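The tour goes stop by stop.

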Amino acid sequence: MEKYKIKTGIFGGSFNPVHIGHLALANYLCEYSGLDELWFLVSPHNPLKRQTDLWDDNLRLELVKLAIADYPKFRASDFEFHLPRPSYTIHTLDALQKAYPDREFILIIGADNWHLFPRWYKAEEILKNHQVMVYPRPGFMIDPGTLPSSVQLVDTPLLEISSTFIRQALAEGRDVRYFLHPAVYERLKKS
């Protein structure tokens, strides 16, 4: 009999900064979608984003740790910090599987990214070897009948908050405390 593997959601992103939209989505996925835990995989550099737009890697990781400290199903991960850059999802998933054979990793992406998925590096290999969980995003409809067997569509609440909006609001001196975890807001006030 095969040993049970811990169902671990991999929620990758720049988290520039992490906000309540990320946290509420991750919380919902843990409580309603069969995940045992969820790792916030902080990306050091996304090949599709300009490096200059990113806050310092360690600050973004610190903010995720502050935001998730009181929820036992969440974990902050700097795993991609130690992989060659740019980090491609297939390399990350394969390296995670090798490093943690007791876990089943499920890649979590938004419907917007699912529409771009065919352009991802080694997309077919990801679908062949890994599970993918897709959450809704406004303006990106997905027909569940068209999804491969390794892809699960989840019906999560929609919270449209962007890190770009938060960075701009903070730069303008606006008080956006309710868009951020209180510990993240307090830390950013000190920056």
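Select residues 20-32. This is helix α1, with 13 residues. From first C-alpha to last, α1 reaches 18 Å, close to the expected 18 Å; that expectation is 1.5 Å times one less than the number of residues. Helices here are DSSP runs of H or I with at least four residues, strands are runs of E with at least two, and both are numbered from the N terminus.

A word on the source: this is a predicted model, where local features need pLDDT of at least 70, side-chain atom pairs count only at pLDDT 80 or more, and totals for chains, interfaces and linings use all residues. Residues are numbered from 1 along each chain as its sequence is written, and side-chain values use heavy atoms, with hydrogens and water left out.

Stay on α1 and show side chains. Which residues of α1 are buried? They are Gly21, His22, Leu23, Leu25, Ala26, Leu29 and Cys30. Buried means under 20% relative accessible area, exposed means over 50%, and partly exposed lies in between (1.4 Å probe, protein chains only). An α-helix has 3.6 residues a turn, so residues three or four places apart point the same way.

Now step past the helix. Glycine 34 follows α1, and its phi is positive, near 80°.

Next, select proline 44. Look in the loop between β2 (37-42) and α2 (57-68). Is proline 44 buried or exposed? Its relative accessibility is 0%, so proline 44 counts as buried.

Move to arginine 103, in strand β4 (residues 103-110). Arginine 103 counts as buried because its relative accessibility is 10%. What does arginine 103 touch, leaving out residues up to four places away in sequence? Select Lys5, Ile6, Thr8, Glu37, Trp39, Arg75 and Gln97. A contact means heavy atoms within 4.5 Å.

Zoom out to the whole chain. Colour by secondary structure to find 7 helices and 6 strands. From the N terminus, the order is β-α-β-α-β-α-β-α-α-β-β-α-α. The radius of gyration is 16 Å, close to the 16 Å from the globule rule for 191 residues, so the chain is as compact as a globular protein of that length. That radius is taken over C-alpha atoms, and the rule is 2.2 Å times the number of residues to the power 0.38.

Finally, show the surface. Of the 191 residues, 46% count as buried.
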